[in-house]
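Subject: Structure for your review

Dear colleague,

Please find below the structure that I am handing over to you. My notes on what was found in it follow directly after.

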Amino acid sequence: MSNQIVGNESNKENAPENEEKKIPIFSIEILKIIKEAQQQHGLRHNDYQRYRGYCTRRIRRLRKVMHLQQGDRRHFRKKNVTETNLTDERAVYIPLMLAERAWSYAMQLRVEANTEPRKKFHLVSRLRKAASYAIQLQKLCESEKFDARTQLETQAYVAWCEGMLQFELQEWKPAIENLKKAQMIYEKLASALNEEDAILYRNRYEELEPSLRFCAYNIGNETDVNQLLHLRNQAQGDLLVTLDTLMAQTRDSLSEVTWRNRTVPVKNSRVRTFLLANRDFNSLLDKCTTLAEKSDSLEQHLMDCKDAMLAIRDDIKTEQKMDGSSTSSASSLQYLHTYLSFIRLERSIQRNLLLIESALENDGKQRNNRE
């Protein structure tokens, strides 16, 4: 009898240890989850509205599975994910998808804000909401139920969300601190993982580099904008739109252009940005060390010129549709389109000469190898 009592007491003493051992250790690859979702649901084609709809549907499904519905059709009862709900790792997907939904809505508004400036305020509001949901995600993942990798990824995600918000608000110093923190974490994760898994984190590291360089440019108050123009040639997607807007603010505004003794106004922001880039493009081209780099820069510049010409054509069509539109305005747009065509032909000749020079150089190398 005494042996049974001793045995029961020893089992009770060991019970907490067994319970601690039974605590599940969840591991969530946050960056991989969001990148796969973005590529499969619209962001491959920059369709932010489609991705936002996917996030909404997934949140609804997750709440139904986790029994966290927020009321019924008549009543709303807010139910946040708390540590007591962390019986399943899918619970943390809810704040993650909420943050992604707010971010995708902000990116959608950024495109619409080009024609409707008032949406800029709503954009900032959505980025604030995304940052708040990211912080909620981080607090949940600070639990002992999650491994160190998950906690690091949530820290990087929060730093990125806050950095994007501060970047939009043009708060350059805190933005560069948060983006640098996110970049540092992704670099550490890439070095700790195998080669196959590390590619995703290295790509994320490189994605943050243009934003960091742009923040550093604004903090430094440099007068030379060649570095900014070079950064713009490397940027893609949403960052390119932001850089075009901010570059127009940091530089002197080009309100008119003179060509063949005639001065015409430049109202379109895309055309204004291209003409500013074209003005200093030769000095930027001189900094390229190889013929291949010069050729790539010219190709990108020609693509920008094509986009500017398309923007002018749209403006011409708009002027023609408007009742009572002045012929002088349409004439100025036609003249500006002709000027852009001249620039395109000039840059095309410059690119073709580089291609000829590159071909002659390669032919000379082949002859030397044969000899």
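With a relative accessibility of 34%, E299 counts as partly exposed, because that value lies between the limits of 20% and 50%. The side chain of E299 meets that of R351 in a salt bridge, at 3.2 Å from N to O. E299 belongs to helix α13 (residues 291-321) and R351 to helix α14, so this pair ties together parts that are 52 residues apart in sequence. Please bear in mind throughout that this is a predicted model.

Helix α14 covers residues 327-370 and also contains I349. At 53% relative accessibility, I349 counts as exposed. Together with L353, I356 and L360, I349 makes a nonpolar surface patch of about 420 Å².

As to the whole, the protein has 14 helices and two strands. Of its 371 residues, 41% are buried. Its accessible surface comes to about 22,100 Å², and carbon and sulfur atoms account for 48% of that. Among contacts between residues at least 6 apart in sequence, 67% join residues at least 24 apart.

The structure holds 10 salt bridges. One of them joins R149 and E29, with the closest N and O atoms 3.7 Å apart. This pair links distant parts of the chain: R149 is in helix α6, E29 is in the loop between α1 (2-22) and α2, and 120 residues separate them. R149 counts as buried at 19% relative accessibility, whereas E29, with a relative accessible area of 26%, is partly exposed. Both residues take part in a network of salt bridges that also includes K32 and E153.

A further salt bridge is formed by E168 and R110, whose closest N and O atoms are 2.4 Å apart. Here too distant parts of the chain are linked, with E168 in helix α6 and R110 in helix α4, 58 residues apart. Both E168 and R110 are buried.

After α6 comes Q170, which has a positive phi near 60 degrees.

Helix α11 (residues 269-279) is largely enclosed by the rest of the structure, because eight of its 11 residues are buried. The buried residues of α11 are V271, R272, T273, F274, L275, L276, A277 and N278.

Q38 is placed in helix α2 (residues 30-40) and, at 8% relative accessibility, counts as buried. A polar contact of 2.8 Å joins its side chain to that of E100. Beyond its neighbours within four places in sequence, Q38 is in contact with L43, R44, Y51, E100 and W103.

Y105 is found in helix α4 (residues 93-112) and counts as partly exposed at 22% relative accessibility. Apart from neighbours within four places in sequence, Y105 is in contact with R52, H122 and R126. The C-alpha atoms of Y105 and H122 are separated by 9.4 Å, the two residues being 17 apart along the chain.

Yours sincerely

How values were computed. Residues numbered from 1 in each chain as written. Predicted model: local features only at pLDDT ≥ 70, side-chain atom pairs only at ≥ 80, totals over all residues. Heavy atoms only, no water. Helix = DSSP H or I, 4+ residues; strand = E, 2+ residues; numbered from the N terminus. Buried < 20%, exposed > 50% of the residue type's maximum accessible area, 1.4 Å probe, protein only. Polar contact = N/O pair within 3.5 Å; in protein donor to acceptor, adjacent residues only side chain to side chain. Contact = heavy atoms within 4.5 Å. Patch = residues over 30% accessible without salt bridge, like charges linked within 9 Å, V, L, I, M, F, W, Y side chains within 5 Å. Areas by Shrake-Rupley, 256 points an atom, 1.4 Å probe, with all protein chains shown as cover. Salt bridge = Lys/Arg side-chain N within 4 Å of Asp/Glu carboxyl O.
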